[in-house]
Each structure stands twice: as structure tokens, then as C-alpha cells.
Amino acid sequence: MKRYLLSAVVLFITYSSLFAQHMEVQILGSAQSAAKQNNALVIKTAEATARVWIYSPTVIRVSISKNTGVSDTSFAVIQKPEGSIDSKENSDHIEVTTSALKLSIQKSPLRFNFYTADGKELSQDDSRFGVNWQGTRVINYRKLYKDERFIGLGEKTGDLDRRGSSYTNWNSDVPDHNPKSDPLYETFPFFVGMHGGLTYGLFFDNTHKSYFDFGATTDHQMSWFGADAGDMNYYFFGAQNVADIIKDYTWLTGRMEMPPLWTLGYQQCRWSYMSAQEILDIAKTFRDHNIPADVMYCDIDYMDHYKIFTWNHETFPDPKSFIDKLKSMGFRLVTIVDPGIKVEPGYKQYDEGVAKNYFATYPNGEKFIGEVWPGRCHFPDFFRDDVRKWWGASFTALTEPGVEGFWNDMNEPAAWGQNIPWMVKFGNYYMPEIRNVYGMEMARATHEGTKKILGNKRPFVLTRAAYSGTQRYSAVWTGDNSAYDAHMLLGQRMVNSLGITGMSLVGVDIGGFSGDPTPELMVRWNSLGVYTPMFRNHAMQGTKMREPWRWGEANEKIIKKDIEQRYKLLPYLYSSFYQSHQTGLPVSRTLAINYTQDTMVYNPTYQNQFLFGDGLLVAPVISTEHTASVYLPKGEWYRISSGEHYEGGKAYTVDAPLNDLPVFAKGGAIVPMQNIIQNTNEKGDGILEVNVWYGKEASKFVYYEDDGSSYDYEHGTYHKREISFDPANKRIKFGVISGLLTSKYTKIKLVLHQFQSNISGNVRTVSVNGEIKALSGDVVMFDNTNSAITVAYH
Ligand code: MIG
């Protein structure tokens with residue numbers, strides 16, 4: 001008997017280890033118990049524990065784990081669940097309800113199915129497979145609806161509609177990536193699903209290598225997502241429009257601070273301007289040519305042998321006087337920092353890091369060494385509070401001479417050969433579990449540190465690697481793109497997609513990082529840069545110089561005119577960033593946000609189009625085409641360059657010469673602009689030019705202004721008012737100011753576009769707070785006061 005038992009045990013062990021080798025599927029099983037514990041509903045199966053929390057009426061979290069008891073931390077989430085959970089149970093279901101959502105939990109087998117409060121099916125587990133494991137790998141198979149579309153995942157290649165595509169999140173340094181490469185540098189495991197007129201969002205908060213398949217490989221039966229390890233931990237968003245889902249997602253993971261105003265100006269970068277003198281010469285050339293610009297960059301060659309927090313004393317002999325000179329010309333300086341700290345006794349950061357054990361190690365405690373620009377390097381453990389503080393404090397080497405912007409590169413982290421061994425440890429974390437969040441924690445350390453050093457001044461941080469939540473600390477750019485048309489279009493889709501995942505201050509290397517753009521592409525890409533949230537021209541070493549005057553006189557003229565347009569738009573742009581700061585809504589918005597149910601916006605011909613703020617629609621056009629196929633969604637549209645009117649809900653072929661990118665104002669658009677200045681330090685002429693395009697429906701715009709550089713806005717020092725347009729009553733109203741700041745604009749110049757052609761009779765006079773004023777053309781000027789201003793036209 002005993003012998004039988006023994007051999008049975010041996011057999012069992014052999015058998016199960018065989019299974020283990022084959023990564024046998026382990027199913028979730030059925031609910032055996034369900035109970036409320038604190039603010040969670042806890043459901044146990046034989047294999048796992050599922051927990052459900054309500055975060056808000058539209059946000060429910062489900063976390064399914066085989067190893068409960070392990071710490072439940074998130075790098076992304078900054079909110080806590082509500083105090084209680086409303087649920088009721090019957091023999092085969094448990095129902096969790098909020099005012100907006102119903103989560104119906106089937107007990108056997110355990111499945112999670114989401115409905116609107118009034119019972120419309122939003123999203124379900126695949127009834128057969130639901131959640132299961134293979135080894136440590138955890139996957140959720142979900143029902144796929146026939147007409148279901150997906151948008152999101154941030155910086156990903158491919159089409160706007162991700163249906164039929166699959167993706168991997170594994171932050172990687174991918175120079176020379178193409179419009180299909182995956183993965184890239186950043187991880188945003190958040191998507192929006194849409195079907196049957198309904199919308200939902202799902203954020204899979206798991207930092208391991210993760211996978212998303214939107215019906216690419218399952219005969220369109222299922223979508224699925226999962227990760228190499230960790231929990232099936234997701235937040236379900238049930239708001240019934242995309243903007244509100246983004247609002248909830250950015251409520252959960254945080255929103256950006258107001259950006260320094262200077263970062264919205266034109267930025268000139270290169271790998272590398274090799275000396276202080278070269279940078280000063282470039283800066284001066286901008287001024288000599290009267291081409292507005294705000295920012296110059298130092299790429300890696302400003303350092304002494306690529307040692308972070310040092311300067312090359314030969315080429316940058318006196319950083320302070322160099323930066324002072326830049327400042328006197330109205331420029332800010334941004335410098336690059338990489339994470340790798342050169343192994344070199346005597347180098348401050350190396351010595352300190354070694355003394356305090358701040359660097360990643362092998363399991364035996366030896367410090368890990370990977371090779372990057374400085375040669376052999378150690379990598380700071382940004383997951384530790386003390387390491388982040390130390391890193392942050394090191395920035396005095398840059399801030400003391402006057403640097404205000406901090407560019408975080410190579411933080412996937414990148415090392416030559418890419419594959420940092422999986423046994424490398426950052427404190428208690430091994431590489432595979434935190435690779436996707438390393439860049440974000442570096443950006444966090446940079447942001448928190450420089451914010452502390454700079455006192456009340458806003459730092460600017462730009463990072464290449466990121467994870468959900470990075471918007472709290474940093475801007476991002478899309479890495480090493482290439483100088484060809486398809487890459488320009490891809491870049492725009494990535495900007496728009498990053499906007500869905502909370503990142504509003506986003507740039508691409510205008511002109512393309514690798515390769516040389518044709519002059520036509522340079523001109524075209526620059527004109528699109530005007531409508532890119534962060535407008536930075538950057539290029540790889542060895543490529544043609546990229547500054548605006550390198551492309552012949554005629555092209556320089558166009559580039560200059562376009563950069564001037566960017567500066568005119570700054571009041572509008574800054575107000576749009578205020579919207580991102582307040583609501584999470586991005587500045588560059590795929591049309592899928594506002595016109596979700598319009599299938600045309602997903603058409604590959606039109607999928608790159610976007611709204612830039614509330615009122616402008618931009619249609620990217622490749623450099624070899626001089627006409628464009630443009631789709632204008634329902635409503636009225638006006639080409640801003642010509643005033644030409646277009647009825648929405650239709651596609652048009654429009655002129656698109658290199659000096660006129662197709663940009664349209666929505667009927668009712670309210671776009672505050674200013675005169676051309678050479679940089680954001682200039683005061684300008686004090687006139688706020690408020691452009692209103694006629695529309696049949698009422699519209700409004702929140703105008704926002706603050707000092708553009710300090711945190712005083714957090715304490716009430718701002719200037720905010722609602723501007724509203726009411727065609728029924730023929731009125732444009734400037735609401736009472738809120739905030740303590742007086743506007744830097746003493747006058748308002750109101751420009752009434754297309755009013756003459758749209759209303760019966762002729763607009764000849766308007767009254768401003770009852771006082772009759774003559775129009776000159778379409779323009780009327782009056783004092784900007786803090787009290788309400790009503791403009792009536794007749
Ligand atoms: O190995 O710092 O994406 O913008 O110019 C390349 C040099 C390192 C990659 C960045 C690029 C930057 C470059 N860096």
C-alpha cells in the first residue's frame with residue numbers, strides 16, 4: 001500500500017513538473033467564498049483570491065492574485081478606493097453596483113462582467129476562459145464585440161483603431177524603428193473600447209512585460225491582455241464618452257502641472273552642439289533672422305566624458321556665463337542626463353553611490369555594470385526614496401549655472417546590447433518586474449529634485465521612457481524617429497495616442513532624428529510642429545544641420561512664418577494646457593475623442609487628423625502631396641488661412657501647398673492669440689486677439705493665464721475667465737475674472753470671422769457693455785477689464 005502511494009506521489013510529481021514545463025493552463029476556478037473586508041469585496045477560489053474595490057461611481061478595480069499578502073503598491077495610481085462597497089449576492093452571482101456601473105460577478109466559473117447602471121453590456125470576460133495562468137504568466141481573455149474598436153496604449157505604432165493588432169510593453173531603446181516596430185520606449189497599459197455606441201476604458205496596472213491583443217490572433221472571438229507575472233490587476237472605467245474616461249483615468253493616475261510657458265515656444269536641439277560658443281552662435285542667428293525661439297539644448301557632449309552632472313571644461317569653460325549670455329538673448333537651456341553613472345573612482349556620483357549602495361546589483365550583491373556612453377556604468381536604484389533624493393540633489397551642478405530643463409534619456413534603461421540580465425536587482429525588485437517603470441521613476445526623481453532646488457520655479461523634465469502616471473512629472477518625446485513622410489504621420493498618431501493615456505506635453509523630433517529630410521519634408525514637418533504640443537527640432541549626429549535657415553531663403557521664410565504662428569497661438573495653447581492640467585484632456589486630440597461614433601475618423605486616410613485644443617482641426621499632409629484628402633466631422637468648419645467655409649460630415653480634397661498646412665476652425669471656435677514675439681520673455685504689445693469663427697451653436701472657451709513660470713497659480717495667482725459665444729442672442733461674453741492676477745494684455749481685439757456672411761444683415765457696429773463701437777473690418781478693440789464684458793453685435 002505504502003509503495004503504491006509512494007509511486008503515485010512520484011508519478012504525480014513527475015507528471016506535474018512535466019506540466020510545469022509545458023506551461024499548463026491553470027484556471028481561475030469558481031468562487032468558494034465571498035466577503036467584505038474593509039473596503040474590498042474578497043472572493044476566494046481554490047487557486048486565487050479576487051478583490052474588488054470601488055474607486056468612484058465610474059471606476060471599479062478588480063485584482064486577481066495567486067499570492068495575496070504580497071504588497072499591493074502602484075507606481076501609477078494616486079487615488080484610494082471609496083470606503084465601502086455596495087454588493088449583493090445570490091446563488092450564482094454577486095452584484096457590485098455604483099450609480100453608474102454594475103459589475104456582475106458570475107461565481108462558477110468566476111467571471112467579471114460589466115454593465116452600465118441601466119443594464120447595457122459594456123465588457124465581459126470570455127465566458128470559457130476568463131482569467132487564467134500559464135506558469136507565472138497571467139492573462140485575461142475578454143469577449144470581443146463584432147463592431148468593437150480600440151484606441152490607446154500611448155506610444156504605439158500602427159493604426160488609430162487598434163482592432164486586429166497586438167502589442168507588447170517592454171520599454172526598449174529602439175533607434176531606427178519603423179512605423180510597425182513594437183515595443184518602443186514607453187508603457188501605457190490603458191485602452192478605450194467602443195462598441196454598440198458604448199464606451200469603456202481599462203487600465204491594466206502591472207509593470208511586468210505585458211501583452212495586448214485586440215482580436216489579432218483569435219478569429220475575432222476574443223481580445224486578451226496579460227503579463228509575464230504579477231496580478232491580474234485592472235481598473236475598469238465606465239463613463240459613456242471618451243473625454244470622461246480620460247478624465248477618470250487621469251484622476252486615478254494624476255495630471256500634469258502647468259508647464260513653464262517657455263517650453264511651449266520653439267525648441268532647438270541637436271546631438272550635439274559641441275560647444276558653448278556654437279550654441280551661442282545658433283541662438284544669435286535666431287535673433288539675427290528674427291525667427292522666434294525659446295530653448296536651446298545640450299545633448300551628451302557637454303559633459304566631461306559623459307559623466308552625468310559634469311561639464312566639459314574645454315568646450316564649456318564657464319557654464320554660468322554661457323547660460324547668462326543665452327538668457328540675455330531670451331533663451332533657456334535644457335541639458336541631457338542619462339541614468340548610467342560612470343565607474344570611475346574619484347567621480348563624485350560614483351563615489352557617493354558606491355558608498356551608499358545606491359546602484360543596481362546582481363543577486364550576490366555585486367554591483368551590476370552595463371556599458372553606455374560613459375563606458376562601464378552603474379545604474380541608480382530609482383525605486384528607493386533616498387536614491388531619488390540623492391539623484392535630485394545632484395542637479396545643483398546644472399541648476400547653479402542656470403539650467404532650467406532636464407532631459408532624461410536612455411532610461412528604458414538602455415545599455416549596449418539592450419538585454420540587461422533579468423537577475424539584476426533594484427532593491428527587492430528584479431529587472432523584469434520594474435523595467436517598464438524605471439524611466440518614470442528616474443523622471444520622478446528628476447522632477448522632485450529639481451523642483452526642490454528651483455524653489456518656486458517650475459522645472460521642465462523630458463523623458464524618453466515612461467509608464468502610466470508619468471504626466472505628473474514629465475513631458476515625453478517619441479524617441480529616435482526617421483526623416484521620412486510615413487514617420488511624420490506615425491509621430492502624429494503617437495502624439496494623439498499618448499494624449500489618450502494622459503500625456504499632453506508630447507513632442508516628436510521635428511525633421512526626423514535619423515537621416516536627412518528633404519527641404520520639403522523639413523518645411524512640412526515644421527508646419528505640423530506648430531500644432532505639436534512640444535515643438536522641438538532635433539537630429540542625430542552626422543545628419544545635416546537642421547536650423548530654420550539651413551533650407552534656402554524661400555523655405556526659411558515659410559518656416560519662420562510657421563514658427564511665428566506658433567507664438568501667436570500661445571495664449572490659446574497655454575489655456576489648452578490648463579485644460580490638460582485640470583481635466584487630463586490632451587492638447588492634441590485624436591478625432592476619436594470628440595467624434596467617437598463617427599466611423600470615418602478611423603479610416604486610415606483620415607486617422608492622423610486631430611483637434612488642437614477645443615477649436616482647431618489639423619490635417620497632417622506628407623511633403624510630396626500638395627493637395628490633401630480631409631474629413632471634416634459634423635458641424636461647420638473654416639479654413640483658417642483663407643476663411644473658406646466647409647460643411648462638416650464630409651470628406652474634401654483641399655489645397656495643401658507647403659506654405660499652408662490644412663488647419664480648420666470649428667464653427668464657434670474661440671481662439672485667443674497674441675502678436676508675434678521673439679520669445680516668451682517678451683511682453684508683446686499687450687493686445688489679446690480673440691478670434692471667434694461664426695457658428696450656429698453656442699460655444700465657450702476657458703481662457704487662462706498665469707505668470708508662466710512659478711507655482712503661484714496653485715495659490716490663486718492666475719487670471720481665468722470664460723469666453724462664450726451665443727449666436728441666438730448675438731452676444732460674445734467675457735465672464736468675470738477669477739484669480740488674483742491682472743492680465744498682461746491690457747486690450748482685447750475681438751475678431752469676428754465670417755459673421756458678415758453668416759447672419760442676415762451686416763455687422764457694422766457692436767456694443768461693448770452697452771457702448772456702441774464701429775467695426776473696422778471684422779475687428780473691434782476695447783479695454784481688458786476684470787469685470788464682465790458683453791459684446792453684442794447687430
Ligand atoms: O544612444 O544623446 O533618443 O534624442 O540625441 C543615443 C544622444 C542616445 C538617444 C536619444 C537622442 C539623443 C541621443 N540618445
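Predicted model: local features only at pLDDT ≥ 70, side-chain atom pairs only at ≥ 80, totals over all residues.
View 1. Helices (H or I, at least four residues) and strands (E, at least two) are DSSP runs, numbered from the N terminus.

View 2. Count 13 residues around the ligand, with D299, D409, R464, D480 and H538 the closest; "around" asks for a heavy atom within 4 Å. D299 puts a side-chain N or O atom 2.5 Å from a ligand oxygen. W373 does likewise, with a side-chain N or O atom 3.0 Å from an oxygen of the ligand. At D409, a polar side-chain atom is 2.7 Å from a ligand nitrogen. Polar contacts here are pairs of N or O atoms within 3.5 Å.

**View 3. Helices α3 and α4.** What angle do α3 (residues 276-288) and α4 (residues 319-328) make? They pack at about 5°, with axes 10 Å apart. Axes are lines fitted to C-alpha atoms, for helices over the stretch in contact, and angles run from 0 to 180 degrees between N-to-C directions. That makes α3 roughly parallel to α4; angles under 35 degrees count as roughly parallel, over 145 as roughly antiparallel, 65 to 115 as roughly perpendicular and the rest as oblique. On the α3 side you'll find A276, I279, L280 and A283, meeting F322, K325 and L326 of α4; contact means heavy atoms within 4.5 Å. By class, that's six nonpolar, no polar and one charged. Ala, Val, Leu, Ile, Met, Phe, Trp, Tyr, Cys and Pro count as nonpolar, Asp, Glu, Lys and Arg as charged, and the others, Gly among them, as polar.

**View 4. Helices α9 and α10.** The axes of α9 (residues 485-500) and α10 (residues 519-529) come within 11 Å and cross at roughly 5°. So α9 is roughly parallel to α10. D485, H487, M488 and Q492 of α9 touch L521, R524, W525 and L528 of α10. The contact splits into four nonpolar, two polar and two charged residues.

**View 5. Helices α11 and α12.** Here α11 (residues 553-568) and α12 (residues 570-583) pack at about 55°, with axes 5 Å apart. The two helices are therefore oblique to each other. R566, Y567 and K568 come from α11, and L570, P571 and L573 from α12. Four of these residues are nonpolar, none polar and two charged.

**View 6. Backbone details in the loops.** W271 and S272 are joined by a cis peptide bond, omega about -20°. S272 belongs to the loop between β21 (266-268) and α3. Another cis bond runs from E412 to P413, with omega near -5°, and P413 is in the loop between β27 (405-408) and β28 (425-426). Q418 is also found between β27 and β28; this non-glycine residue has a positive phi, near 70°.

Notes. Residues numbered from 1 in each chain as written. Heavy atoms only, no water. Polar contact = N/O pair within 3.5 Å; in protein donor to acceptor, adjacent residues only side chain to side chain.
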